[in-house]
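I opened my notebook today to look up a few places in this protein.

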Amino acid sequence: LFPSRDDRRLSFLAATLCHLQGELTKRGGSMLAFHGRAEVLVPAIAQALGAQLVVAAEDYEPATRQRDAHVADLLGSRFTLVKDHVVFSPVEILREEDAAFKVYTPYSKAWRAKLT
């Protein structure tokens, strides 16, 4: 969540969501927007809508992984994470002993080798 209601990013998000809602309305669609903690809202909204599947972009930070694990516990098989803004997830590029790289150059070489 944003630490302050005065954060300019909130104004940007609000204006963008209003614009998107207008565009969706022109095409016969609509949108719901919520503000709050995802680990509370996502399961509640899924339940209220009777969602058969909730798809979210995977994130790799410890706090977001914990959040997603909590949502997955609540939704079970109805919750799916997909790779979004990366070519390879952290578990797809590991050293031989299944550990994360700590030095960029060997990681870069492994990344490029996996690409081909």
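Is alanine 56 buried, partly exposed or exposed? I looked up its value: alanine 56 counts as partly exposed because its relative accessibility is 24%, where buried means under 20% relative accessible area, exposed over 50% and partly exposed in between, with a 1.4 Å probe and protein chains only.

A note to myself on the source: this is a predicted model, where local features need pLDDT of at least 70, side-chain atom pairs count only at pLDDT 80 or more, and totals for chains, interfaces and linings use all residues. Residues are numbered from 1 along each chain as its sequence is written, and side-chain values use heavy atoms, with hydrogens and water left out.

Next, I placed alanine 56 in strand β1; helices (H or I, at least four residues) and strands (E, at least two) are DSSP runs, numbered from the N terminus. Leaving out residues up to four places away in sequence, I found that alanine 56 touches Phe79, Thr80, Leu81 and Val82, a contact being heavy atoms within 4.5 Å.

Then I checked the pairing. β1 (residues 54-57) and β2 (residues 79-82) run parallel, joined by four bridges; strands pair if DSSP finds at least two bridges between them. I noted threonine 80 in β2 as the bridge partner of valine 55.

My last stop was helix α3, where aspartate 68 lies. Aspartate 68 counts as buried because its relative accessibility is 6%. Not counting residues up to four places away in sequence, I saw that aspartate 68 touches Asp59, Phe79 and Leu81.
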